[in-house]
Amino acid sequence: MRPDTRDTDTSWLRTRLRTAPRATAAFGALVLLTAFLAAVLTRAVEAYETHGLREAVTSAAPESTVLELKTAQPGLEQPQQTREDEVLPEALAAVDARARTLLPEPLRVDRTQSAHGVRTGKSLQALDPWLPRPYGLPPRITLLAQSGAAGHATVRDGRLPAADGPVTANTKTVEGAVTAETARTLRLRAGSTLTLAGFPDRPLTVRITGILEPRQPERTYWSAEPILRTPALANAGGPPPAFYWEAGVLLAPEAAPALLGGQTEPERYWRFAPAAQNLTAADAEALVDRVASLEDGPGLVHLREAAGPTAQLLTGLEEVVGEYARTRDAITPVVAVGAVGIAAVAAIVLMMSGGLAAARRDTELALLRARGGSLTGIGGRLLAESALPALPAAACGLLLAVLAVDEARLLPSALTTSAVALLACAALPVRAMVAHRRPRTNPERGDLTHTRPGARRTVVELTLLALAAGSVAALRRRGTEGTADLLVSAAPVLIALVAALVLVRLYPLPLRRAAGPAGRLRGAVGFLALARAGRSPAAATTLPLLALLTALTTAAFGGSVLNAVADTRDRAALLHTGADARVDTPDGAALPAGLERAVRDVPGAQDVATVGISHASEHVSQDKQSLAVVAVEPDAYAALARRTGLGGFTADRLATGDGVLGAVASPEVAERLGHAPHRIDTNGGPVTVRITAVRPHTPAVPEGDFLLVDAAGLPRPGNATSLLAAGPDLDGAALRTTVRDTGTRLSVTLRSEERAALSDSPLQSGAERIYLWAVAASTGYALLSLVLGMALTAPERAALLARLRTLGMTNRQGRQLLALETLPLALLAAGGGMAVGWAAVRLLAPGIDLDRLALADTYGATVPAGAVLRADVWSLALPAAATLLLAGSVAVAQAWWAGRRTPTTHLRAGDLR
């Protein structure tokens with residue numbers, strides 16, 4: 001071969017592209033798709049983690065996330081005028097501006113929701129007798145001279161408070177404003193006056209000048225101190241329980257000096273609302289560190305230089321971010337299992353495309369080597385030939401991923417795309433250089449029957465077996481807790497690879513045994529199909545089988561995870577509501593008459609039951625009523641319990657005989673009361689019950705202890721306090737309308753809404769999407785690998801059919817021959833994929849923790865009983881069935897296409913196929 005030159009290389013590339021434009025375009029499309037998936041997966045993970053952090057910060061209570069810098073009132077040793085000047089708006093604003101500059105990145109402040117001012121450290125007792133006193137205790141008022149009221153409220157009545165003239169510590173009359181909710185609760189209006197104790201000479205009088213309607217009341221300005229927005233009942237502390245109203249009143253910022261004249265322990269504060277819109281997932285750890293520094297570290301030293309030596313910064317932001325980080329860290333290892341599966345399948349298919357291309361051009365490359373071509377020269381040209389379509393395709397895939405998913409850094413996705421491009425470029429030249437490292441004079445048979453595994457392959461297989469065993473053992477022992485571990489995350493992939501290598505070794509054995517009986521059959525189609533399947537090229541069998549089993553295992557595992565998550569959420573929602581819909585009365589009041597009949601007419605309501613929940617003493621001599629007694633109508637309630645699947649039983653379990661009520665109890669209650677007749681003391685009087693059945697749950701009390709009895713058997717049946725409705729197509733909107741039409745305040749809880757609330761977290765929904773993509777991508781790559789394997793032998797099949805047609809084979813027999821020839825590999829892949837997928841789920845289920853992935857934070861991390869990872873039949877069967885269907889369809893399509901052309905098209909002089 002002549003020395004490589006630029007013109008020669010260009011001529012080589014031009015010739016190759018002209019010779020196989022479709023193959024080049026198909027290869028470029030494969031690289032484009034794989035690069036897009038690699039980049040978009042990386043970006044999607046970072047994007048949902050970013051959205052999760054922002055959601056965690058914005059959805060948390062503002063009093064938990066606000067950064068409050070506060071310090072005591074100016075020192076008493078200072079002159080009175082100096083003390084008063086230090087609490088005026090100008091001085092507070094100067095400290096606010098300086099403190100804001102001292103907040104380190106990535107902390108960013110939302111100036112629209114931040115505020116500063118002076119407040120009373122101790123609430124003041126209101127002396128006015130006309131104020132509401134629920135337990136005879138007077139309300140207590142917190143005064144806040146806070147900035148920015150005009151921009152955060154609409155004046156409904158009156159005007160904003162102002163300071164008429166200079167205000168000093170001796171001022172005893174100031175103006176204030178309250179929210180509409182405070183005015184409604186405390187019966188205030190514009191012009192009302194509040195007389196507040198806590199001042200030495202005489203009480204402080206606050207004249208209410210305006211009633212305000214907060215703008216964005218749920219945000220930090222109004223909710224950093226919730227009583228400023230909405231009054232709350234506070235416990236006075238001693239037995240018996242007693243409560244009083246706590247409320248907040250806004251003063252004019254210029255009236256702050258008036259708070260210095262009493263015993264109210266006034267304090268200056270600066271509240272900084274965190275801005276979450278620019279936070280990213282990478283900021284979580286740094287955010288916790290910076291907040292810790294501000295609370296008790298170098299950051300606090302700098303803040304004290306601005307606000308005073310006794311200043312403290314208080315916030316719960318680090319707890320909110322820490323909870324987010326714990327949830328993310330719990331979900332990430334589970335997601336890594338699916339992500340590694342996608343990556344492995346994509347890598348195998350890319351390597352398979354290079355291996356099949358090398359096998360298709362084996363004769364050409366062998367001829368080049370025999371004529372003196374250097375190994376590096378051939379490898380370099382093949383590398384350039386692969387890089388020409390691969391690099392632009394990878395760049396386009398990265399661009400599409402950036403356009404599809406924003407809110408993510410470019411570098412991680414660029415690295416994954418570069419890895420795809422590198423693998424795509426290297427697959428063909430590496431495979432060719434390994435196969436032709438020595439020049440060959442005679443072509444070698446490469447079919448399955450002739451090929452024998454060598455010592456190197458045995459070592460590789462044993463190494464993979466050891467890795468798979470170690471990965472499974474580590475996952476079962478350690479689980480998915482902690483950081484994502486590549487070996488543990490690759491457990492399903494390693495199981496699939498080991499199984500594929502075992503099946504490749506065993507595959508020729510049944511073909512050899514079946515070929516003999518098939519040869520004795522009357523027709524030749526069966527024998528030819530089995531003989532052809534056994535003599536198919538090893539490259540067309542091994543690589544597709546590896547890709548198929550890995551893809552099918554990943555799809556089965558991902559589908560099983562999604563199914564387990566859905567089942568867990570369904571169960572959690574059911575345990576929360578007890579049925580498809582639940583209607584409860586406030587404070588145990590009775591349900592309106594006719595509500596049950598009205599709910600039965602709601603579209604989709606199939607079973608409706610009313611229950612009365614009360615408490616009883618387990619012994620007649622006891623005063624403590626700790627046992628939840630549920631009075632039901634047996635027939636209706638038993639039908640509803642069976643439909644919901646929560647502790648179903650037959651109505652006769654609640655039958656009454658000889659003055660003893662049959663009862664269904666929870667396990668703990670049954671253990672305490674026993675199964676003999678037992679007398680309990682209900683609100684209606686003593687009654688004797690005998691436990692006839694034990695159930696862990698019941699719709700009326702889905703979580704907790706309970707005792708079900710027939711309401712008609714109680715001495716004085718109580719009121720029905722709850723209504724339960726079941727039906728798969730229950731119309732929630734119609735139910736709410738029906739309940740609202742009763743004119744009473746009833747709470748309606750829908751199972752569908754509770755179910756939806758469990759998956760609204762960005763972290764959880766994003767992780768689910770990753771697994772959904774894993775299932776879809778794995779199925780697609782499985783089908784693609786099957787098509788690539790069949791495409792390698794397509795010319796040979798066409799030539800074979802042409803020869804057989806000259807010998808009298810009909811088109812129908814040709815279709816049967818190709819279908820039967822592809823059937824063994826397709827059956828092996830489909831059956832093996834189902835078996836390996838089932839085995840992978842069974843082996844790895846004990847180590848897969850779905851708590852955080854399945855359930856939202858509002859439900860904690862408790863998975864309902866029985867909610868574990870199980871093999872999903874549809875996830876196993878559907879990809880396998882699609883594989884069989886596609887294999888048969890491609891074979892029939894090949895036979896049909898070959899049948900359209902004349903035998904002379906395929907059989908040319910000198911053709912060695």
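Which side chains meet in a salt bridge with an N to O distance of 2.4 Å?

Mentor: This is a predicted model, and the pair in question is Glu-181 and Arg-184, whose side chains meet in a salt bridge at 2.4 Å, N to O. Both residues belong to helix α7, which spans residues 180-186. They stand three residues apart, about one turn of the helix. Glu-181 has a relative accessible area of 30%, so it is partly exposed. Arg-184 counts as exposed because its relative accessibility is 54%, and the cut-off for that class is over 50%.

The structure holds 30 salt bridges, and two further pairs may be set beside this one. Glu-225 and Arg-271 meet through their side chains at 2.6 Å, N to O. This pair links distant parts of the chain, 46 residues apart: Glu-225 lies in the loop between α8 (220-223) and β9 (232-235), and Arg-271 in strand β11 (residues 266-272). Both Glu-225 and Arg-271 are buried.

Arg-672 forms a salt bridge with Glu-618, with 2.7 Å between the closest N and O atoms. Here too distant parts of the chain are linked, 54 residues apart: Arg-672 is in helix α23 (residues 667-673), while Glu-618 is in the loop between β14 (607-616) and β15 (627-632). Arg-672 is partly exposed, at 43% relative accessibility, whereas Glu-618 is buried, with a relative accessible area of 9%.

Finally, salt bridges that share partners join Glu-225 and Arg-271 with Glu-68, Lys-70, Arg-119 and Glu-267 into one network.

Technical notes. Residues are numbered from 1 along each chain as its sequence is written. This is a predicted model: local features need pLDDT of at least 70, side-chain atom pairs count only at pLDDT 80 or more; totals for chains, interfaces and linings use all residues. Side-chain values use heavy atoms; hydrogens and water are left out. A salt bridge is a side-chain nitrogen of Lys or Arg within 4 Å of a carboxyl oxygen of Asp or Glu. Helices (H or I, at least four residues) and strands (E, at least two) are DSSP runs, numbered from the N terminus. Buried means under 20% relative accessible area, exposed over 50%, partly exposed in between (1.4 Å probe, protein chains only).
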